[in-house]
Amino acid sequence: MSNAHLTKKWNIAHEQLLSQIEYESPKDVIMTPKDRETAFQHLAVLYIKYIQAFRKLEFAYDQLVHPQKRRLLKEILLGVMGRVIELKSKIVEVELSDIQNYAEILEDLKLIPDDLVMPIPRFILEDRGKELAERKLLLDSLGARDVSVGDSVPVFPDISIGEAVKMIQINERGRQGRLRAKYMRDIRIQAQREKDLDAGDDEGELNSAALKIQRVFRGYKARKLAKAALREELAFLGMISIKKDPKQSANAKAEINRNRRKIIQNQHEEEYQAALVNTKEKISKIEGPDMKESMQDSFRQWYMEYKRVNGKFPDFPPDSLWQQPGFQFGMVVAEEKNASNGDVASPGSPAGKGKKGKGGKEEKKPAKKEEKGGKGGKKGKKGEEEEEEGPKWKFDDSKHLEIVKTECNVYSENWLHKDDSENFSQKHDQEIVKIDKRKEVEFEIKNQVFEVLKEELANLKLAVDRSKNGKKGKKGKKDKKGKKGKGGKKGKKVATEHDKKGGKKGKKEKDLTANRTMESLIEELIQTGILQRPTNVNISDIKGEYDLLAPTVTKIPTIIPTIAELKRVVTEYCILPVGFPKPSDIPGTTSFLLFGPHGTGKTMLVNAVATELGAHLFNLSPRNTAGQYIGKQNVTKMVHMVFKVAKANPPAVIYIDNVEMIFAKKVPKDDTTDPKRIKKDLLKQMKGLKLEDRVIVMATSYKPWDGDVKAIVPVFGKILYAPKPDYGSRFLIWREFIGRKAPLQAKDINYSLLARMSDSLSAGSIHLATERVLTERRMKLVSSPSRWWGLEIVSLPPTDPGEKQTFQFTSPKDWFEKTPLVKKRIAALTAPAEGENDDPKGKKDKKKKK
């Protein structure tokens, strides 16, 4: 990608952001949505448009090499990312669901579902390159284990001796039958050849044979050319893929270009940092003395002018005033002159008194009204009903929107219309560096000089006070001492009360490992298998499709997500908030629960979160910690160690598989892992987690209804259902898995048929079926397996035999309806419409009056 193309991308995103800012700026009441549906559609359009701008900005930031532009672009990028997460939280508040369908809005905006994918900024990992390399080296040197992927099923399960003998007999009889058929075919061909030789060598027969050969060859050649032409046309239209040299593909070239730009980025960044240091030193040496002298001269001129007019020395300006950029002492003189001329009404003037009196009366009136309303009670109830009936969403101020607006204005002023044709290498702009460093040097000198000037002014005041009569000063000192004494006593009482209160509330948790180093704790957690190495999986490796047929506004109580929607929600709740520089500035969560059948990708999503964040992964699953840290004190120590190391080395993911066993009412007798032993300490540590810690607890469950609902639901901030893939997702999953095993034959497979025949299969079952059928031996023996792959694959057992028994009495959907957010949505959708219950009461009242 060229610099011009990246700048063009930025300019397009810049125009989109300016239009969004202008659209969000007016806060007129008329523009406020009146009901839930219009509020959701309004927020959804904003959400999608900000995602479009974010995609362009992230792509441009990743490959721009200009160091100053990259800094500005990163601020805009973070502002847009924060705004997207804010809008997502507002949509959830309005819609009361973590899953939303945007198919109709995408169609109106002429976008495709892939345009809704939220990219993960690559600077989350790139800015921490050295740290991640050290983490990887530490895990490898101490022999960290890989995360176990749930209850994994072997590709070829163990079979009995009888089944093995039967399988060998079938294959051997088939092999003998194929050999016998081949032998008989060879005999028939040989007999036909002998018959043709005995027929003679007639010249006419030879000519006819030659014509037949020519006709067959010409037909073959014509068909071959026609197929090649058709293939070229389909490849040009993008309907088929052509096998090319991987090194010559467009993706490979783009990756090479990206790596080259990363090297240039580092070089330009080093040059820019050196220029910052050198320019600052140069300005401080050459211009620093002049700045200092001019500040001192203006200060002395100011206080002399003030003393000449008022007969006394002025007070030094407050810090909030003189620390402002562009401050001059002449500004203070001008303000004082305006005040002395009477431009501002003094508090003691009649006008001031009148205003105050009127204001006081006007202020008291609303208070009286409120009191009346409180006594009557009728008006207050009506007001509450109106507030409840009104829309829950309203315009509000966004910190991130202000950041985007400010940084976009900076880009418009400094870079939008700047001609960079001469700066072909895209190095830093020295003039901008000088302007910024001049301000920085001026601020530093101002802090130094103004401290000296404060002392100078204070000394002048003391000298003047000494020349006056000192009696008043002595009386004043006595009064002050008395006041100080009284104030001191009160102050002590207040302080002691505060200390007592603070002592009760502010009890710090006792550090059980205070005498140990962080390195020893990490080593112990690795050796015990709690700190593990996450599987290298990106969120983009998980294949799934959106539900394009679902309506945007629906009254279905529980919206079941597809795999693509689940990926987007996990990105917005787990990856982006934790990867944000200041997580407390955006809405987020510290705990996340995924539940669903086996093979739906729950553990894979946990690994993807850890991989995208470059996070440590701590496995606190009962099966993983069984037999370790026996005893109550040791269990408390184990949980304390995990959370202590996680907070000290952010970002971190704490993974708990089969979390329902920790909150189970009764543990099965055959379970020897004692899962409930960490419940008390786990809840205590999870309550103390904050967004600033950048630690997230991710739990998965196969049967959440085995645990106590009242205990497990309040613990987790977000709960999501991971269902089996729908038709579109199964289509992509089949194509992905078969393409890995047989890339050449994959284009001839009828994936639509496979997707329909594999209904009720999970992604794990599809992967298992592919591994069982497409073995290396079978791929070598079979020349054209595309004719029977589908039947062979689907003939395998599609589901777990114990799954029907598990879901016989309780379904995941029924349990999902017990979660708080779904309960709120059901209550909102089943609430009676406005005015339904009011009419009958009104009629009865009218009859009574008559």
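View 1. Helices (H or I, at least four residues) and strands (E, at least two) are DSSP runs, numbered from the N terminus. After α6 comes G143, with a positive phi near 70°. Residues are numbered from 1 along each chain as its sequence is written. In this predicted model, local features need pLDDT of at least 70, side-chain atom pairs count only at pLDDT 80 or more, and totals for chains, interfaces and linings use all residues; side-chain values use heavy atoms, without hydrogens and water.

**View 2. F40 and Y102 form a stacked aromatic pair.** The whole structure holds nine aromatic pairs. Rings of Phe, Tyr and Trp (its six-membered ring) pair if their centres lie within 6.5 Å; planes under 30 degrees apart are stacked, over 60 edge-to-face, and the rest tilted. For F40 and Y102, the centres are 6.2 Å apart and the planes 25° apart. F40 lies in helix α2 (residues 36-63) and Y102 in the loop between α3 (67-95) and α4 (103-108), so the pair ties together parts 62 residues apart in sequence. F40 is buried, at 0% relative accessible area. Y102 is buried too, at 3%. Buried means under 20% relative accessible area, exposed over 50%, partly exposed in between (1.4 Å probe, protein chains only).

View 3. R70 lies over the face of Y61, 4.3 Å from the ring centre. A charge sits over a ring if NZ of Lys or CZ of Arg is within 6 Å of the ring centre and within 35 degrees of the ring normal.

**View 4. Six strands form an open sheet.** The order is β1-β3-β4-β5-β2-β6, with mixed pairing. Two strands pair if DSSP finds at least two bridges between them. The edge strands, β1 (531-532) and β6 (718-721), each pair on one side only. Strand β2 (residues 591-595) runs parallel to β6, joined by four bridges. L593 has I719 in β6 as its bridge partner.

**View 5. F595, Y721, W815 and F816 form one aromatic cluster.** Elsewhere, R756 lies over the face of Y727, at 4.7 Å from the ring centre.
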